[in-house]
Amino acid sequence: MSAFNDIRDYVAIPRVLSLRLSPDGSRLISTVQSLNPDGKSYGTALWAVPVDGEPYRLTRSAKGESAAVFTAAGDVLFTSARPDPTAKDSSDEVPSLWLLPRAGGEARQVATRPGGIGAVRTAGDVVVFVSDVLDGEEAAEADKRKARKDAGISAILHEGYPVRYWDHDLGPGRPRLFAARLGDDRLEDVRDLTPDAGDALREGSFELTPDGSTVIATWRTYLPKGEWRTDLVLIDVATGERRVLLTDDAHDFEGPLAVSPDGARLACARDRRTGLEVSTRSELWIADLATGEGAGYAPDLFPSDVTWAPDSSSVYLAADHQGRRPVFHVPLDGGEVRRLTGDHGAYLGLGASPDGRFVYALRSAVDLAPGPARIDVADGEITDLPSPAPRPQVPGTLTEISVTTDDGATVRGWLALPEGASAADPAPFVLFIHGGPIGSWNDWQWRWQSWILAQHGYAVLLPDPCLSTGYGQEMIDRGWGNWGPRTQADLDAIVDAALARDDIDSERIAAMGGSFGGYMANWLAGHTDRYKCIVTHASLWNLDQFAGTTDAAMFWQREFGAPGSERYALLSPHQSLDKITTPLLVIHGDKDYRVPIGEALRLWWDLRRTEVDAKFLYFPDENHWILKPGNIVAWYETVLAFLGRHVLGQEWKRPDSVA
C-alpha cells in the first residue's frame, strides 16, 4: 500500500536533509531525519555516503546530530546536545561540538559553550563556530544563565528591532564567532573573534578561507526607523581585526557564501533593497577578497546554492528556472552560462570533486524525494547514488501545464494527477498556491505534499504565477505591490486551462494555500465563488494589522508603504468580507511569528459575523508550518475531511486526530 494513503505512514518516512562532500572527494555526509520511537517527534542522525559504495549510519543518540563538516584529515565535526559520558557534570541542554574520527571509534566532545554551538567551519587546524553569548563578562556567562533559570526569569529587554524571528524569540543572548585550533582531544586556544558584534550576526552566514586565516561573514548594520543593511566583512582569525569587504546602500550581501579554492575570491548573493516601485532582485556576485571589487554574473538567476570548480575559474550555481532548480556552470572569464542539468530536478548541497569531473548534490523534484546524485561536468549526465533514506513511489503522474495570460505573459505549473484519472472518470481538482510569494513549486515538499491529495483522488495544480522565481525579472515586476488582482488573473488563466482537460472534473474544485498562498486563498474567497471550498493556512487577512506585527515589518513596508497607505486598502482581503460565501477552513499555529496568530483570530471573528460555513484548525504549540508528526496527521486528515465534505459531497466526519 502507498505510504501516502495513511498519513501516519507518510510522516514516518525518513528524510535526507543535507549533503556535504569530503575534501578528498571520497564520501559525502548527510543529515537524515526520522521518526523517534515515541512517534511524537523527529530525530536526526549522520550518514556517510561513499561516492562508490553503500551508505552507512555514523551516529546514534537520543538528542540527534546536525551541522556536520569535514576536517582536512577527513574527520567529522558535528553538533549535538547529547551528554558527554566522560564529563563529571555534563549538561545536555544545549548543543556541543563533537568529533567523529575518520578511522572509526566513538565520537568525543571537543568543545562546549554555555549558549551552545551552532554552525561550524574548519580549514587546516582552524575551527570557527557561532555561539550565543550574554552581554557582559565572558567568565560569568554560565553563572548568569543559571541565575536567570533558577530565578524563573524569561524577560528580555530590547532596545532595537527585531525581537522575534519565524518561531523563536531573539535574546537575551547574541550570536558571536569563536575561533580555535584542533587539539589532540579538544579545541584549544578558543577565542571570541567578535566581542563587539551586538546583533550584527543575527541569522547570518559565514565561511572560512581555505588557509584558515580569514572569516567572511554577513554583518548587519542597523539603521533608523527599524531598517538594517547587510554587509560582508573580513575577520582576521589571528587578531580579530575586522574590515568591510562589501557594502552598498542599495543592496544587501547575503548567503549562499563560497570562497574559491585559491582563496582569492568570494561568491555570494547581492540582493537589491526594495521599495514601493523597486522589486526584489538577487544575483550571483563574485568579489575579490583583496580589493572588494566585484561583478554580477548569471543575470535573472536567483542564487540558491553555489560551489567553486577546483581550479577557481568558474562556479556551479543552483537557481530556480522554469519550474526546476537546475545546476548552471558559470565561467568567470565572460564565457556563456551553461545549464548543466537537463532534467526537471531541483538541486541543493552542491560540491565539486577535487578532480573537477563531477558535481555532487541533493537531487529532488516535485515527484522525487531528495537523495544524493552525481553530475558529470562534461556532459551533464546525472547518476543517482544509493540514498540513506528510501524514496517513496508517488501515487500518480506529473505533467506540465502552461497558459498565456491577459497581459501576454506565460504562466506555467505542475499538475499532479491521481492514478486512474481519465475522461471516463475525471478527478476532482485542487488549486494549491505556493508561499513566498518569491518562490516556485519546483522541488519535493515534505510539508505541502500534493501526492497525499493525489492518493485520495484529487488532481492538484501547483502553479507559478507572478512573483514566482525562475522566469526572469519581469515575472516578479508584474506582481510587485499588486499581489491580489494580478496574481488572481494568472491563477484564473491557468486554472481555466487545467479545467479544460477531460481528465479533470471542472465542477468539483477547491483552492488552498499557505503563507502568501494563504493570503491568496483569502483573496480568492472574497473575489470569486467558483471554488466549492477554500483552505487557508497561516494566512494574511488584515494587512494594516499584519504590517506592524510580523517579525520583519521593514521588508513588508518597503513594498506596501506605511500602515494605512493606499495599497493596504486596495489589497487587504478583509475588505471583501461581505463578498465571501465559499466555505473556509482556517488553519494557524500560535507560535507563528512571520504571520502572527492575530491574523487567524481576526479572520475567525470576522467569519463568525457572516453565514459562511467555516472551521478553525488551531495549533497552540506550532509555528508557521506545523511540524510535529501528530499535528501533521491532524492537518492532513482535517483538510481531507473538509475537501471531502464540500468537493465530494461526503458527510462531514471529524477526524479522530482532532476529536
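Tutor: A cavity is a set of grid points where a 1.4 Å probe fits but cannot get out. Keep in mind that this model is predicted.

Student: Which residues line the largest cavity?

Tutor: Val366, Trp441, Asp443, Trp444, Gln445, Trp448, Gln449, Ser450 and Leu462. Sorted by class, that lining has five nonpolar, three polar and one charged.

Student: And what lines the second largest cavity?

Tutor: Its lining residues include Asp300, Phe302, Tyr471 and Ile476. By class, there are three nonpolar, four polar and one charged.

Student: Let's switch to sheets. How do strands of a sheet pair?

Tutor: Through backbone hydrogen bonds, either parallel or antiparallel. Here, an open sheet of four strands runs in the order β20-β21-β22-β23, with antiparallel pairing. β20 (251-259) and β23 (294-297) each have a single partner strand, so one side of each lacks a neighbour in the sheet. On average, neighbouring strands of this sheet are turned by 35 degrees against each other, direction ignored.

Student: Over how many bridges do β22 and β23 pair?

Tutor: Four, in the antiparallel sense. Look for Ala287, which stands opposite Gly294 in β23.

Student: Now helices. Why do residues three or four places apart point the same way?

Tutor: Because an α-helix has 3.6 residues a turn.

Student: Is α11 largely enclosed or left open by the rest of the structure?

Tutor: Largely enclosed, because 16 of its 18 residues are buried.

Conventions: Residues are numbered from 1 along each chain as its sequence is written. This is a predicted model: local features need pLDDT of at least 70, side-chain atom pairs count only at pLDDT 80 or more; totals for chains, interfaces and linings use all residues. Side-chain values use heavy atoms; hydrogens and water are left out. On a 1 Å grid over the protein atoms alone, a cavity is a set of points where a 1.4 Å probe fits but cannot get out, and a pocket is an open set with protein on both sides within 12 Å along at least five of seven lines; lining residues have an atom within 4 Å of a point. Ala, Val, Leu, Ile, Met, Phe, Trp, Tyr, Cys and Pro count as nonpolar, Asp, Glu, Lys and Arg as charged, and the others, Gly among them, as polar. Buried means under 20% relative accessible area, exposed over 50%, partly exposed in between (1.4 Å probe, protein chains only). Helices (H or I, at least four residues) and strands (E, at least two) are DSSP runs, numbered from the N terminus. Two strands pair if DSSP finds at least two bridges between them. Axes are lines fitted to C-alpha atoms, for helices over the stretch in contact, and angles run from 0 to 180 degrees between N-to-C directions.
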